[in-house]
Amino acid sequence: MNNLILTKDGSHTIFSKEINENYHSKHGAISESLHVFIKNGLEKVEKKSIELLEIGFGTGLNAFLSQNYVEVKKIFCNYHSIEKFPINKEQFKNLNYPKTLGIDKKKFIDLHDSNWNSLNKLSEYFNLIKIKKDILDYKTNLKFDIIFFDAFSPEKQAEMWSEEILKKMFTFLKKNGFLVTYCAKGIIKRKLKEVGFKVISLPGPIGKREMTMAMKI
Ligand SMILES: C[S@@+](CC[C@H](N)C(=O)[O-])C[C@H]1O[C@@H](n2cnc3c(N)ncnc32)[C@H](O)[C@@H]1O
């Protein structure tokens, strides 16, 4: 069972009882997503058409912010997102992201109501491809410009941060593509380097000193 909780910027997150961790920073779910995945992620992809892969669809917050971003900027995005344990309707309909961001609630609900394992054309600029799968079993020949690596922390879900998975992320990226994550642990940065990434530490969101960008050059 997962519980809805309020973070310091007034936006919700979910607490996972199974993992014993929040889906987002307690300092602010929207603030964290905007900082890590939009400002230091999408905004740094200098392209008019973007192939994006997210690890962990979860609440759909990153997808919601990304959709809004590409529609405002008139950039095209194929948003692929892997999720093994989708949240249920009771949970997503109560999340306060549309209200907090001042965006039509229907757009947020549409993200969740979209079909799994197929392409959902949600607007002129945004296609959503949600894949209900364990990341360990996910295979593709597609190459991505950017990866949102938004797994639970290495302390709580070590298997998501294994060399095998990080190597997979490296393979999935195009040349000059990059991965962003809120995680700034030394051991994870070393693993990212070992699998071939150039690792860049960036200032973190509120409440965190650093975050990580990992480039395939
Ligand atoms: C930290 S949460 C973040 C989710 C999302 N990006 C958000 O903003 O709500 C991590 C997500 O990874 C998912 N997850 C956990 N193990 C997974 C696995 N083996 N494969 C795919 N997704 C997984 C969880 O269910 C959860 O939704």
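A residue counts as buried when its relative accessible area is under 20%, as exposed when that area is over 50%, and as partly exposed in between. The structure described here is a predicted model.

**Helix α2**
- Since 10 of the 13 residues of α2 are buried, the helix is largely enclosed by the rest of the structure.
- From its first C-alpha to its last, α2 reaches 18 Å, close to the 18 Å expected at 1.5 Å a residue.
- Lys74 follows α2 and has a positive phi, near 60 degrees.

**The largest pocket**
- The volume of the largest pocket is about 890 Å³.
- Its lining comprises 45 residues, and those nearest the centre of the pocket are Glu21, Asp150, Ala151, Phe152 and Ser153.
- Two or more lining residues come from each of the elements β3 (21–22), α1 (29–39), β4 (49–55), α2 (61–73) and β5 (76–83).
- By residue class, the lining of the largest pocket holds 16 nonpolar, 15 polar and 14 charged residues.

**Surroundings of the ligand**
- There are 19 residues around the ligand, of which His24, Gly56, Thr59, Glu83 and Asp150 come nearest.
- In the side chain of His24, an N or O atom is 2.8 Å from an oxygen atom of the ligand.
- A polar backbone atom of Gly56 is 2.6 Å from a nitrogen atom of the ligand.
- Lys84 also has a polar backbone atom at 3.3 Å from a nitrogen atom of the ligand.

**Residues with a positive phi**
- Most residues other than glycine have a negative phi.
- Asn117 has a positive phi, near 60 degrees, and is placed in the loop between α5 (105–113) and β6 (119–121).
- The relative accessible area of Asn117 is 52%, so this residue is exposed.
- Asn176 has a positive phi as well, near 70 degrees, but its place is in strand β9 (residues 173–181).
- The relative accessibility of Asn176 is 48%, and this residue therefore counts as partly exposed.
- The positive phi of Lys74, near 60 degrees, belongs to the residue that follows α2.

Key: Residues numbered from 1 in each chain as written. Predicted model: local features only at pLDDT ≥ 70, side-chain atom pairs only at ≥ 80, totals over all residues. Heavy atoms only, no water. 1 Å grid on protein atoms, 1.4 Å probe; cavity = no way out; pocket = protein on both sides within 12 Å on 5 of 7 lines; lining within 4 Å. Points joined across faces, edges and corners; volume = space filled by probe spheres on them. Helix = DSSP H or I, 4+ residues; strand = E, 2+ residues; numbered from the N terminus. Nonpolar A, V, L, I, M, F, W, Y, C, P; charged D, E, K, R; others polar. Expected span 1.5 Å × (residues − 1). Buried < 20%, exposed > 50% of the residue type's maximum accessible area, 1.4 Å probe, protein only. Near = heavy atom within 4 Å. Polar contact = N/O pair within 3.5 Å; in protein donor to acceptor, adjacent residues only side chain to side chain.
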